[in-house]
Amino acid sequence: MEALFATTTGILAASGLYLALRGRTFPVVVGLTLLSYAVNLFLFSTGGLTTDGAAVISDDASKYADPLPQALVLTAIVIGFAMTAFSVILAMRVRGDVGSDHVNGNRVDEPREDKS
Amino acid sequence: MSLLLIVLLPLLGSLLPSLSSNQRRHQCALLTAAMPLIALLVTLRETPGVIAGEVPRLAFSWVPALGLDLALRLDGLSLLFVLLILGIGLLIILYARHYLSEADNMPRFYAYLMLFMTSMLGIVMADNLILLWMFWELTSLSSFLLIGFWSHQSAARKGARMALAVTGMGGLALLAGLILIGQIVGTFDMQTVLDSRDVILADPRYLPALLLILLGAFTKSAQFPFQFWLPQAMAAPTPVSAFLHSATMVKAGVFLLARLHPALAGSQEWLYLVSLTGLVTMLYGAYFALIKLDLKTILAYSTVSHLGLITMLFGLNSQMAVVAGLFHILNHATFKAALFMTAGIVDHECGTRDIRKLKGLWRYMPMTTALAAITAASMAGFPLLNGFLSKEMMLAETLETPLLGGLAWLIPVLATIGSILAAAYSLRYVRNTFFDGKPRELEKTPHEASFPMRLPVLVLAIVCIIIGLFPAFSATGILTTAADAALTMPAPELHLSIWHGFNLPLLMSAIALIGGFMVYVLRQHLFTFHRQFPSRNSLAIFEGAVQRLVRFTQWGIDTLENGSLQRYMLWVVISALAVSGMSLMGIETLKGELAVQKADPLLIVGAAITCFAGLATAFLHRRRLISLIMLSVVGLMASLAFARFSAPDLALTQLAVEVVTVILLMLALFFLPQKTPKESSASRIVRDVLLAAGFGGVVASLNYALLTRPLNSISDYFLEHSVSGGGGHNVVNVILVDFRGFDTLGEITVLCIAGIGIYKLLNRLRLFMPSSDSEGRPWSPDRYPMILASVSQSLLPMALLVSVFIFLRGHNAPGGGFIAGLVTAVALILMYIAHGVEWAQQRLSFQYQPIAVSGVAIATLTGVGSWAFGYPFLTSAFGHFHIPLIGDVELATAMLFDLGVYLTVVGATLMILANLGKVTTSHRPSKQKEKA
């Protein structure tokens, strides 16, 4: 199970990084989001993979999942959303002002696929 | 307390001149002079005590963690320098009053001068190594301002920059050296350091410390090979040169040698490094002083030479040599300040300092001529003047030195040659300027300078004569006290007198004077000889070096920071890979000692779907919509994974965020190209795939290694104290709002800031609106589908109810402010999607920015509230209440905090999405409207 979990995290991280290295803003944002999923899963797993752990404190519960990584990841998810939102809207603003969606601000001729 | 006054009064004095205006020059000068005058009086009051052997000290703790104390002392060595600095400083103030022209900003000049004076006083009185260094750097900075005072002149700017670069770098070396000394001794306290010579000399760090400290002292005192900055600093106004290069700035270096002499001297390293550097500098400076054509440059090189002489004396490891060095410091300060002032007078009255144009000025300025002749004679070492006494002591000391062993005779010979050159350039300075025919090509007819301008020179010349005639009466007391302090033991008995009988030093002095006269007579041959060398402009060399350095760093910046995000990402990832790869290689086996859990089929299927969706997101990225859908699959699977591994809070949060993220990205995609053009080269793709694969491999290995090792978590504390300390059964929520509430406060603040940032980014954004999809099909005319509209409307109250429920139970069951906020946000966004922005805004007529901000405010105020009860920030309190129908409800202040979280999440999320939605619909070219 551990190997499976680790492999999944690794594949997600690799896919996210590949996208983050692309030249256009949208794939980069998608890549960063994917990367943040991988990171969240990774962080979460630092507390160990607990099956059937009790979610809340009760007298008859035998084991609990480590709450600390959960608290960290919970805020990370929300902040990650804020970051994704900020970067994608920055990308839109750049396209509006510079006229290009290239991450380096290059003015490349866009294929006018969205012509009406 | 009086010690503090001596240092701080001039600092106060740097503010006073600015009270006066540039027009009222008398008032300005008087205001400036007042503070140093008081400081001088305070010093004089302390003087009898210090000469009697007292050492007034004063210490305040300043930054104890760094060993930095505001500690001052006034021992004999300090006293000598304080009197020089304040005494000559006052004369300079008077001189500058008449030297500066109407165009110069006098208050500013005086302010810089006073600042410099303070830092100089600080150096000589510091009783703590770090404090000494701090004042040392202050002199570098304030001398930069003074040298570059005529900032409209390129030479002044460059000279100031050069002085700052050289002395500033020396200062950094000095700091390193002093810290090493502090580590060897264990304290930065001056007295302790001075008393620990044996410890310091025995330590292996002695040599590096010595080298660094000497680097600082030699750059400051313009010792070879750092002498080049001093002649360039002559671009400064003459009062500055007279002050900085006679009594102060350049004397700081030799002061340091004297100050640390008890702690550092005595070793072979000290002997060779210091005395040979001094000897070389003395000869180098003397030779160029004879060659140069500009009056001030001649004096600058002679200063270099005399500083070399003093340095050599401190290096000789002999007690008497230290006394001689201190005596020469005093004498050099008097005659050199006076000589600089005469050069300034000549410049002021004739408009040039070129020795080729100046001749026979005695006709026009007899008084100045007399003063210049007296002081130059002192510089040459002419009997009956003070320069003679210390020079003879120097010559006597060179006869005694063990330096160079069997070749020891070389030292006195070279010292005599230096003295010959000194006599020659002194003679040249006076004769070529004031005698020898009539002036040529002068722009104006020179005349005698005004009396107040001559007065400071007169005072200094009188001092030269008095010390020269009555050394035992005038100088022995202060000199013995200073030497006691510089040696930290009683100095050898001092017999200052003009006549010691016929002996070898006297013969050497005579040779120096006669030889100097002969060299002067034959000087043309020397000049002819010197012309064979290509002339080298140290300023051009230095500027060239600086330019090359700038070009090199610019090249480095351009290469590393070329404006390409892809390049930056590459560097970041490669460094991350290198660091984590290294540590992975450091462990023996990837698998730790924990037993592996068995995977069930459902888990395998889930993992397979996740991996497939992740890879598909990457490989289909050029078709953006599909890529986005794949991304949302990954998000959903992540949420399921959280649920599977006993983290319901995370599952709920991830689910809600997933919805919001996908809506956001869909909206954004509307404005961005639907497809990514094919532009990465094949090699780029191979590179990125390899890099990504390597990265994924490292992440997976790290994760596996972590998962198979036992962990030592601090979570047990939270699990134990959650109910008793935080009053909640949901530990995750209690951690968020109670244990680590301060972190959460920071996080919601970030969220709020991101929302506001996005709001500003979207402000006045105009984007191209496609009126059809990428295949040219028009958008559906049914903009707001009926079914979605009616379902969402009926869902809204339900969703709000659920969010309240989740919020309220959050402390004890999965839920809480974050999740409730997201659920509310999703429900409201659904209204926007189903009915459009206009419709929703009519009904939800409130701004989201205040909601987010008030959320942060509530959370902060909750934290502040605990102050009212005398608890630290964010201390929580709770109690259980029984409410009919609902049951046992626990009310905690943490819930109020959670309310802040809730409001921030709702406000920020809607601020982002609703504002983005507004861009979509405000001026959308709809087919429907076109028809209508």
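Predicted model: local features only at pLDDT ≥ 70, side-chain atom pairs only at ≥ 80, totals over all residues.
Me: What is chain B built from, in helices and strands?

Reply: You'll find 39 helices and 4 strands in chain B. Looking at contacts with a separation of 6 or more, 79% come from residues 24 or more positions apart.

Me: Let's pick one residue. Why is Leu11(B) called partly exposed?

Reply: Its relative accessibility is 34%. Buried needs under 20% and exposed needs over 50%, so Leu11(B) at 34% lands in between and counts as partly exposed.

Me: Where does Leu11(B) sit, and what does Leu11(B) touch?

Reply: Leu11(B) belongs to helix H1 of chain B, residues 2–13. Leaving out residues up to four places away in sequence, Leu11(B) touches Leu115(B) and Thr118(B). There's also Leu113(B), 102 residues along the chain from Leu11(B), with 9.8 Å between the two C-alpha atoms.

Me: On to the two chains together. How do you know that chain A and chain B are in contact?

Reply: Contact asks for heavy atoms within 4.5 Å. By that test, 83 residues of chain A are in contact with 111 residues of chain B.

Me: What area do chain A and chain B bury between them?

Reply: About 8,900 Å², with 75% of it on carbon and sulfur atoms. In chain A, the residues that lose the most area to chain B are Phe26(A), Phe81(A) and Met92(A), together 9% of what that side buries.

Me: Why is the pair Asp688(B) and Arg22(A) called a salt bridge?

Reply: The rule wants a side-chain nitrogen of Lys or Arg within 4 Å of a carboxyl oxygen of Asp or Glu. Here the N to O distance is 2.1 Å, so Arg22(A) and Asp688(B) pass. The count between the chains is 2 salt bridges.

Me: How many residue pairs are in polar contact between chain A and chain B?

Reply: With both residues at pLDDT 80 or more, the count is 21. As for chain A's side, the elements giving two or more residues are H1 (2–20), H2 (25–45) and H3 (67–98). H3(A) gives the most, with 22 residues.

Key: Residues numbered from 1 in each chain as written. Chains lettered and ligands numbered in written order. Heavy atoms only, no water. Buried area = accessible area lost by both parts, 1.4 Å probe. Polar contact = N/O pair within 3.5 Å; in protein donor to acceptor, adjacent residues only side chain to side chain. Buried < 20%, exposed > 50% of the residue type's maximum accessible area, 1.4 Å probe, protein only.
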